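Good morning, and thank you for making time for this presentation.

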2 protein chains.
Amino acid sequence: MEGASPLHAETSSAEYARLAPRLCAMIEAWMREGEQPDAPVMPHATERAYREHVRLALPDDGVSDDALLAVMRELLENSVNPWTDRFLAKLYSAPTVASMCGDMLLSAMNASVHVFSASPALTLVEEECVRALCALYGFGAHADGITMPGGAASNTLAVQTALCCAFGGAYRRGGIFALLRTLTEQYGRVGSGARPALLTSADSHFSIDRAALASGLGMDAVVHIESDEHGRMRVDALERTLAEMCGDPAHPRGMPFFVNATSGTTVLGAFDPLPAIAALCEKYHCWLHVDASWGGAAVFSPTLRDTLLRGVERAQSLTVNPHKLLNVTHQCSFLLVQEAHVLSEHAIHAGYLFHDGQGAGQGPVADHAMKTLGCGRRGEALKLYLTWRQVGTRALGAHLDAGVRVANAVLAAIRANDALEVGPLAAPLFLQICFRPRCMPGGVTGSDATRALEARLQEARQYAVDFAPTRRGDYVRLVVHPRVPAAHYFALLDHVTALTRE
Amino acid sequence: MEGASPLHAETSSAEYARLAPRLCAMIEAWMREGEQPDAPVMPHATERAYREHVRLALPDDGVSDDALLAVMRELLENSVNPWTDRFLAKLYSAPTVASMCGDMLLSAMNASVHVFSASPALTLVEEECVRALCALYGFGAHADGITMPGGAASNTLAVQTALCCAFGGAYRRGGIFALLRTLTEQYGRVGSGARPALLTSADSHFSIDRAALASGLGMDAVVHIESDEHGRMRVDALERTLAEMCGDPAHPRGMPFFVNATSGTTVLGAFDPLPAIAALCEKYHCWLHVDASWGGAAVFSPTLRDTLLRGVERAQSLTVNPHKLLNVTHQCSFLLVQEAHVLSEHAIHAGYLFHDGQGAGQGPVADHAMKTLGCGRRGEALKLYLTWRQVGTRALGAHLDAGVRVANAVLAAIRANDALEVGPLAAPLFLQICFRPRCMPGGVTGSDATRALEARLQEARQYAVDFAPTRRGDYVRLVVHPRVPAAHYFALLDHVTALTRE
């Protein structure tokens, strides 16, 4: 039955049958183009070129199928092609086909995962992924979690959840205003010393700072703890800071309530030492959050879990982004918590949405919007679910192990190459390698050599890599994606070596 | 070239070529099933039944294509089928095929819209949608905007952005703590009177309360202004509250800085009177945010824009969700702002991500993550873009007009039906109709009749409708989706009438 609306002028299945197979074929062709050895990673080298090539104007009147498909083709042709496997600039790479299937299903179901009645199967899928992830991290019987639209969103919800639970729970109704009163009246804190503070390493992701901004703490409430030369939080510095801040009721940086430990930092891929940090959090009554957005997938490998993630089971909350190392399509992030009840601090009464008294927080919460500070959500867990079902737990572990093996081989090749110098590295190595040319043509060295190399790579468009500031200057930050064949990395090193000699 | 990882055991294009067409056919078949006249809207009537029917366990080892496709089929079979056009319980309905195509493209590109270099075409698409939307709302030459993962996220970012701009801008670094000082020292406010407060109507969405929680204001910082019998904020009550709160330095509810006006409330579909509210915001120096998550799409219809959205051009910020009335797949929400610079309050220095000094806020911001409090984002604007390009601006307006015509016809039919009574309604009517049976079998009346009817509909599974509390008790809240053929609504009324007589 068709509707009166011009958006429903024919049955949708007929329209889908006409358009979707043609788009499938177009996407497959674009993937194949990317898989060719010399395909450029990106179609243009400058922002201006993109602005010249993409015709964008939105029309007053509609267009034909052919014209619409031409628009889609133009957008693909003006996009970075991840199927080259040579986009090595960010902490994600090409996705699994299973997760692409997940997106197709999510579109077709078009359900919001806010209440069970609207999205029963997707709600159950989310629960199962949360259950299985919590089990891998060694979280206890009361653990729970939720998907969020990205690692920053998960980290921010962790800070807000911790604030709701801290100092007697006044944040929810009274905000920071009430917490300041509580800290003054019940904890004897004075002036700026009554301000809740958040501790994180100097190498942690900026989303922790943004979470402080977002939650009303302000960015000044974030105390950055020194890291060591391998990018790990220094436990001695953390301990000293906690002792000082907790011991001085008028400490100008405030009163610690939250420590963020990073498992897999953005630049080096460093893992903060969780057992020692967890012990300090217990001693100083701080919430331990682990930002494992990048490195959390290591939990699938028994070897990596035991070395890199030891102690993670002591965290109160954890962020992991399957859209990074598990190659699930964007976005797919989980916030896991040790105690389910902390998420029901976000429950709210809304009679038009939540029925049967679930707003009051009794019983298991099947309406997952009760657990967030948002409302409607896309069922992003499905994409992890299908990937996981397709390949199984063991293969996800082998995937991570393969990546770390390649990273070590690439590092050995860089060390053996006289034209290149290695920058700061994580210890043990994870999946990032900082390096730069010793010298670029014209005698350019140091951070300038990094910039010069990056500019040449950008022009050539065969590899996308990013650079990053470190304590020893700017370096290329090469990301070793487990999915990417090792040969690409060795070819990149040859390419870079050639550029240094031109 | 294949990788060492088991997630890349063959070329992805080959895997896609094998799986995607089969999934396309499966989805098309499921859509066709839904389009059959008697197809149930939902496969089961109870949560328990879903839990019994969906086999979820994640395996240690992988499965075949056939087994994976069987998992997908099982999930579809256990989901609400929106293609029935009889899921009328929420503020969204079945999506446009163009937006489903958008999701397929987003999967294939798998780019995060955080920096231009990673997602050039998607960044430009977002800019164009923002430009075109701002033009429709009559926003000025300095307007800007961003997509967010839902209306609650957009509303929350609006509150956080307004806080960053309020009272001299101390929120960003110093949080609520610094704002309290500023309000005391520079505005002469005292005690609780120094607390920033947020005003919104009693009929507004709970995401405004959650935004206050999320941003550190606390839910007590929200002052709910009385609404009239048609669900509109009472301007006299707003004026009285603003005068009282601003006039009393020690007012226990704090100091107003933000007024949320709703364009299209959740239950009644009411539009707050924007010109009068805007005038009060100017007088009392408050940020005017318009939560047009639901009703904002009315801007596409010149008639509806002039009646329902008059004055919207005076807002500082506005939320609109194309995933609601424009039938774009979940999620697709925009936060638009009158002055682009307010979003750069969120810019942050992160040398590993933002290059070329964009963190400092000079020049146009092409790295859109600078405008949010998050980082990575899915390029959701593409789904609106393709829908808009496919049908054009005029058809989107005609779509809205068609919906309002059907709503009026359905209301007339309810009024003419002796078995039904009409509940509170918006004036003028938008797209929601509250009604209930005068009497259900067994002499059940009032709110109990609403619950009894809803239970019977749930059992029959031919229509999904929700109920909502109103000032006059619980009513069925019937949502008239422009996409849904009018005949479905009349058939629903016949079905309901029959149920009252059983």
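**The interface and selected local features**

Between chain A and chain B, the search finds 74 residue pairs in polar contact across the interface, both residues of a pair being at pLDDT 80 or more. Please keep in mind that we are looking at a predicted model.

Let me turn to charged pairs. Side chains of opposite charge can pair when their charged atoms come close. Over all chains, the whole structure contains 60 salt bridges, and 8 salt bridges are found across the interface of chain A and chain B. In one salt bridge, A:Glu127 is paired with B:Arg51, and the closest N and O atoms are 2.8 Å apart.

Another salt bridge joins A:Asp66 to A:Arg22, where the closest N and O atoms are 2.8 Å apart.

I now come to a pair of helices from the two chains. At what angle do helix H12 of chain A and helix H3 of chain B pack? The angle is about 145 degrees, and the axes of H12(A), residues 381–415, and H3(B), residues 65–77, are 10 Å apart. The crossing of H12(A) past H3(B) is right-handed. On H12(A), the contact is made by A:Leu382, A:Tyr385, A:Leu386, A:Arg389 and A:Gln390, while H3(B) contributes B:Leu68, B:Val71, B:Met72 and B:Leu75. Sorted by class, this contact has 7 nonpolar residues, 1 polar and 1 charged.

Next, some backbone details in the loops of chain A. The peptide bond from A:His330 to A:Gln331 is cis, with omega near -25 degrees. A:Gln331 sits in the loop between strand S6 (317–320) and strand S7 (333–337) of chain A. A cis peptide bond also runs from A:Ala427 to A:Pro428, here with omega near 0 degrees. The loop that holds A:Pro428 lies between strand S8 (420–422) and strand S9 (432–437) of chain A. A:His285, a residue other than glycine, has a positive phi, near 55 degrees. Its place is the loop between helix H10 (274–283) and strand S5 (287–291) of chain A.

Where does B:Asp228 lie? B:Asp228 is in the loop between strand S3 (222–225) and helix H9 (235–247) of chain B. A polar atom of the B:Asp228 side chain lies 2.8 Å from the backbone nitrogen of B:His230. Setting aside neighbours within four places in sequence, B:Asp228 is in contact with B:Arg234 and B:Arg471. From B:Asp228 to B:Ala202 the separation is 26 residues in sequence and 9.6 Å in space, C-alpha to C-alpha.

Thank you for your attention.

Definitions and conventions. Residues are numbered from 1 along each chain as its sequence is written. Chains are lettered from A and ligands numbered from 1 in the order in which they are written. This is a predicted model: local features need pLDDT of at least 70, side-chain atom pairs count only at pLDDT 80 or more; totals for chains, interfaces and linings use all residues. Side-chain values use heavy atoms; hydrogens and water are left out. Axes are lines fitted to C-alpha atoms, for helices over the stretch in contact, and angles run from 0 to 180 degrees between N-to-C directions. Helices (H or I, at least four residues) and strands (E, at least two) are DSSP runs, numbered from the N terminus. A crossing is left-handed if the near helix is turned anticlockwise from the far one by less than a right angle, and right-handed if clockwise. Contact means heavy atoms within 4.5 Å. Ala, Val, Leu, Ile, Met, Phe, Trp, Tyr, Cys and Pro count as nonpolar, Asp, Glu, Lys and Arg as charged, and the others, Gly among them, as polar. A salt bridge is a side-chain nitrogen of Lys or Arg within 4 Å of a carboxyl oxygen of Asp or Glu. A polar contact is a pair of N or O atoms within 3.5 Å; within protein, one must be able to donate a hydrogen and the other to accept it, and residues adjacent in sequence count only if both atoms are side-chain atoms.
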